[in-house]
Amino acid sequence: MNTFRENLRAYLEIEKILNEFFNEFNYCIINCIPKEPETTLRSARRGCCNDKYYKLHDLKHPAFELLRQEREKIYGKPPDLENPQGASSCEYHTPEGCRLKSHKSPTCLSFLCKESIDFLRERYQVFGYDYLGIYYALEWILTGDMLGKALEEFKAGCLNMVEKVRERELSDKLITSQ
Ligand code: SF4
């Protein structure tokens, strides 16, 4: 059995891979945020960050508590943070996007809307991204319910998604540069 710190270490390792994935798959910034209705502050780039998702679905579990403590050590406690434009009730939100470069909650880390998942399937032929599936896997990594072979398989699946998105982007760049 892992310690809670080991669970967190495994979670942060998967987060790094998912961050790579989201760096390649820029659906929200390219396709969604520019189309936000006129009534919202476009410059604030709120996107789907319209609530305190960093804690909204957290389990009462020591590994979630550890994640919160480590997050607050690095990025500060929510009540101490300023969110000048107030486009989102999330204190970690800024006009430039999320302050959290790591230590996001499973909800923040996994969420993709239906439109972006459709886009992922159509453009990149990535069929393995299911929001709830990824969400629960992240939750189980934190609670220690996903370990060993299952964790390795999940990690390999995440790496495979990064590879597929990267390959498609690279091949498009090559075509446009010819
Ligand atoms: S913590 Fe970041 S990703 Fe999560 S709701 Fe706030 S701004 Fe969005």
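**Close-up views of a predicted model**

**View 1. Contact between helix 1 and helix 7 in the predicted model.** From helix 1, the residues Ala10, Ile14, Ile17, Leu18, Glu20, Phe21 and Glu24 meet Leu151, Lys155, Cys158, Leu159, Met161, Val162, Val165, Arg166 and Glu169 of helix 7. The residues of this contact divide into 11 nonpolar, no polar and five charged. Helix 1 covers residues 4-24 and helix 7 covers residues 148-177. Their axes come within 9 Å and cross at roughly 15°. An angle under 35 degrees counts as roughly parallel, and helix 1 and helix 7 are therefore roughly parallel to each other. The crossing of the two helices is left-handed.

**View 2. Residues surrounding the ligand.** The shell around the ligand consists of Cys49, Tyr53, Tyr54, Cys90, Tyr92, His93, Cys98, Leu100, Lys104 and Cys108. By class, the shell residues divide into eight nonpolar, one polar and one charged.

**View 3. Leu109 in helix 4.** Leu109 counts as buried because it has 21 C-beta neighbours inside 10 Å, where 20 or more are required. Leaving aside neighbours within four places in sequence, Leu109 is in contact with Glu15, Leu18, Lys104 and Leu138. Leu81 lies 28 residues from Leu109 in sequence, and the C-alpha to C-alpha distance between Leu109 and Leu81 is 20 Å.

**View 4. His103, a residue other than glycine with positive phi.** The phi angle of His103 is near 60°. His103 sits in the loop between strand 2 (97-98) and helix 4 (106-110). With 22 C-beta neighbours inside 10 Å, His103 counts as buried.

**View 5. Gln125, a residue other than glycine with positive phi.** For Gln125, phi is near 55°. Gln125 is placed in the loop between helix 5 (114-124) and helix 6 (131-143). Because Gln125 has 10 C-beta neighbours inside 10 Å, it counts as exposed; the limit for that class is 12 or fewer. Thus His103 is a buried loop residue, whereas Gln125 is an exposed one.

Key. Residues are numbered from 1 along each chain as its sequence is written. This is a predicted model: local features need pLDDT of at least 70, side-chain atom pairs count only at pLDDT 80 or more; totals for chains, interfaces and linings use all residues. A residue is near a molecule or strand if its C-beta atom, placed from the backbone, lies within 6 Å of it. Ala, Val, Leu, Ile, Met, Phe, Trp, Tyr, Cys and Pro count as nonpolar, Asp, Glu, Lys and Arg as charged, and the others, Gly among them, as polar. Axes are lines fitted to C-alpha atoms, for helices over the stretch in contact, and angles run from 0 to 180 degrees between N-to-C directions. Helices (H or I, at least four residues) and strands (E, at least two) are DSSP runs, numbered from the N terminus. Angles under 35 degrees count as roughly parallel, over 145 as roughly antiparallel, 65 to 115 as roughly perpendicular and the rest as oblique. A crossing is left-handed if the near helix is turned anticlockwise from the far one by less than a right angle, and right-handed if clockwise. Two residues are in contact if their C-beta atoms, placed from the backbone, lie within 7 Å.
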